[in-house]
Every structure is written in C-alpha cells, then in structure tokens.
Amino acid sequence: MNFYCPKSLNEALEMRARHADAVVLAGGTDLCVQIRNAVLTPNAIISLCGLKELSGIQVEGDSLLIGALATHTQISQSHIVQKKTAPLAKACAEIGARQIQNRGTIGGNVMNASPAGDTLPVLLAYDVLVLVRSVAGQREIMFSEFYTGYRKTVLAKNEIVIGFRVPLPVLPERAEFYKIGTRKAQAISKVMGCFRLVCDDSRRVSLFRAALGSVSATPVRLSETEKFLVGQMLSEQIVTQAISIAANEISPIDDVRSTAEYRRHCAGVLLERFLRADSKL
Ligand SMILES: Cc1cc2nc3c(=O)[nH]c(=O)nc-3n(C[C@H](O)[C@H](O)[C@H](O)COP(=O)(O)OP(=O)(O)OC[C@H]3O[C@@H](n4cnc5c(N)ncnc54)[C@H](O)[C@@H]3O)c2cc1C
C-alpha cells in the first residue's frame with residue numbers, strides 16, 4: 001500500500017486527481033478501524049494530516065468558516081463556535097471520548113457519512129455549505145444536498161472536503177443539541193437532534209429548525225413540523241400536535257443500537273424537551 005503525505009492542499013489535490021483509487025486520511029478514527037477490520041482495503045492512502053491550512057475556525061463576513069481538519073476538541077473549545085453556534089460545540093463535545101475528540105475531525109465525521117454522525121444534524125439545521133475542492137476548482141454544496149443515500153455523498157472522486165461555511169444566525173435564538181445513547185460517553189447515538197427557535201416579542205414562533213440523526217439513512221430536517229410551528233404561540237396542545245407531526249416525518253429502522261419504535265419515541269421526547277424549555281409549559 002502506498003502512503004502519500006502532501007505538504008500543501010494543492011499537492012493533496014494533485015495526488016487526489018492522480019490516484020482515484022486512494023482513500024483520504026484525516027484523524028483516522030473511522031478509517032483505521034475500517035482498514036483493520038478489512039471493510040476497506042485501499043491501494044493507497046493520501047494523508048491530510050500535515051495540512052494546517054484546513055484546521056482553522058474563523059468568522060468571515062456573515063459566516064463561520066470551519067476547516068475540514070478542525071478536530072472535535074478544537075470545535076468544542078472554540079469560543080466563536082460556543083457563542084455563535086453552540087449546538088455544534090456541544091455535539092463535538094459528546095463525540096466518543098477525549099482521545100476520539102482529539103483526533104477525529106469534522107470533515108471525517110461528515111465524509112464517514114454514518115447516519116449516527118453527531119455533527120450531521122447540526123450542520124443540517126444551520127443550512128451549512130460544504131466547501132469542496134479539486135484541481136479544477138472549488139464548489140459549495142448545500143448540506144441538505146450532500147448525501148444521496150446511505151453513506152453516499154455527491155463528492156466526486158477527485159475532490160476533497162476543505163471546510164464548511166456556517167451562516168451565522170441573524171436574530172437571537174435559542175438552540176440546542178441533544179443526544180440519546182447508551183451511556184454518557186463512548187456511545188454512538190440512538191437518536192440525536194439539533195433544534196433552533198426564534199420567537200417574536202409576543203412569543204410567537206418566527207423561526208424553527210429541527211434536524212434529527214440516526215432516524216433514517218441520512219440526517220433529516222423535520223420540514224412539516226417546522227412549517228406547522230412557525231406562526232404559532234407555544235402551548236400544550238401545539239407541542240402535542242408538533243410531536244405527532246414529527247413522528248410521521250421520520251422512518252427509523254430496527255438495528256443493533258435500537259428499535260424503530262424507541263427511536264420514534266425518542267425523537268418526540270427531544271422535540272418536547274426543547275419546546276417545553278422555552279415555553280415553560
Ligand atoms: C471509539 C469510537 C467512538 C466514536 N464515537 C463517535 C460518536 O460518539 N459520534 C460520532 O459521530 N462519531 C463517533 N466515532 C466516529 C469518528 O470518530 C468520527 O466520525 C470522526 O469525526 C471521524 O473523523 P476522522 O478525522 O477520524 O476521519 P477519518 O477516519 O480519517 O476518515 C473518515 C472518512 O472520511 C473521509 N475523509 C476524511 N476527511 C476527508 C476530507 N477532508 N475530504 C474527503 N474525505 C475525507 C475518509 O476517507 C474516510 O472515508 C467514534 C469512533 C470511535 C473509534
């Protein structure tokens with residue numbers, strides 16, 4: 001097996017173009033497990049580890065730019081992320097345990113494309129753009145269009161994910177990330193979700209975003225629930241109706257981690273927890 005260590009992004013892109021059968025290595029917390037278990041048997045590996053230019057986190061205009069190689073530790077400890085998009089900091093702080101957070105990257109989490117990837121519903125709820133580059137140039141892909149099916153993405157063979165553009169919230173909002181797993185740490189999610197809420201002065205909902213993970217092949221936005229809640233004053237009855245609409249928007253499956261029935265129940269619990277916290281119901 002050939003192991004390539006490019007010293008710059010341009011060099012990495014040239015290698016990517018030349019070696020279509022190579023796999024890209026970031027923190028290796030998913031890839032190394034897959035290679036060890038012979039799920040993957042690549043002919044070549046292109047390591048991005050030395051590309052410091054892909055690990056920055058900074059505000060640019062009305063967006064937060066996060067490099068693909070930013071680790072979960074960097075993101076969860078970033079003051080900008082904590083202040084502007086707190087659910088992302090929280091999701092990264094709940095991934096695996098310290099060792100995994102120190103090595104695992106946001107780019108790897110997205111490209112591993114597991115339905116249980118904890119950052120995925122957050123990126124979906126924030127209408128994030130995925131920045132991808134090849135020797136031919138750069139393109140920006142809506143996160144909602146990035147996955148085409150179970151563990152499938154629109155990334156071309158010659159492209160590398162270089163980062164994420166997170167539009168900063170315009171209005172003050174309440175936002176949360178919740179994860180339900182078997183334990184408090186080292187637990188892959190049974191269900192997790194990101195919720196964002198803005199209410200006007202009369203406490204009427206003016207913006208609501210909800211995205212869940214581990215309830216289908218790819219992360220899902222609860223579009224019908226979002227539509228239903230906008231314009232409503234939160235009440236017991238509205239929350240109950242929202243939970244019922246949400247339950248019909250997802251089609252979870254039974255697998256080794258949980259049952260479809262439990263996942264559907266948990267999705268409602270997370271939504272209820274978030275809405276009740278705001279409405280003091
Ligand atoms: C013990 C353990 C616990 C874990 N717990 C959790 C958890 O709680 N929640 C969770 O979501 N995940 C968890 N994971 C999974 C994993 O740690 C994360 O998905 C991590 O973010 C992967 O990032 P990485 O940098 O290690 O990716 P890698 O393993 O290096 O790569 C993963 C995949 O992404 C591709 N890739 C990586 N970077 C790029 C890029 N820039 N462009 C194109 N392709 C790229 C690789 O080719 C590979 O296919 C756990 C893993 C372990 C081993």
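Contact here means heavy atoms within 4.5 Å.

## The chain as a whole

This is a predicted model. The chain holds eleven helices and 14 strands. Along its principal axes, the C-alpha trace spans about 60 × 45 × 30 Å.

The chain has 281 residues, and a compact globule with that number would have a radius of gyration near 19 Å. The value for the chain is 19 Å, which agrees with that expectation.

## Two domains

The domain assignment divides the chain into domain 1, residues 2–167, and domain 2, residues 174–279. Taken over C-alpha atoms, the centres of domain 1 and domain 2 are separated by 25 Å.

## The interface

How many residues of each domain are in contact with the other? On the side of domain 1 there are 23, and they are in contact with 24 residues of domain 2. Between them, the two domains bury about 1,900 Å². Carbon and sulfur atoms account for 63% of that buried area.

Ten residue pairs are in polar contact across it, with both residues at pLDDT 80 or more. On the side of domain 1 that touches domain 2, the elements giving two or more residues are α5 (86–93), α8 (120–125) and β8 (147–149). Helix α8 provides the largest share of this side, with five residues. By residue class, this side of domain 1 divides into 16 nonpolar, three polar and four charged residues.

The count of salt bridges between domain 1 and domain 2 is four.

## Arg209 and its surroundings

Arg209 lies in strand β13, which covers residues 205–213. Which residue forms a salt bridge with Arg209? The partner is Asp127, and the closest N and O atoms of the pair are 3.3 Å apart. The side chains of Arg209 and Asp127 are also joined by a polar contact of 3.3 Å.

Apart from neighbours within four places in sequence, Arg209 is in contact with Ala125, Asp127, Cys194, Phe195, Arg196, Arg221 and Glu226.

Note on methods. Residues numbered from 1 in each chain as written. Predicted model: local features only at pLDDT ≥ 70, side-chain atom pairs only at ≥ 80, totals over all residues. Heavy atoms only, no water. Domains from an automatic or database assignment. Buried area = accessible area lost by both parts, 1.4 Å probe. Salt bridge = Lys/Arg side-chain N within 4 Å of Asp/Glu carboxyl O. Polar contact = N/O pair within 3.5 Å; in protein donor to acceptor, adjacent residues only side chain to side chain. Helix = DSSP H or I, 4+ residues; strand = E, 2+ residues; numbered from the N terminus. Nonpolar A, V, L, I, M, F, W, Y, C, P; charged D, E, K, R; others polar. Rg over C-alpha atoms; globule rule 2.2 N^0.38 Å.
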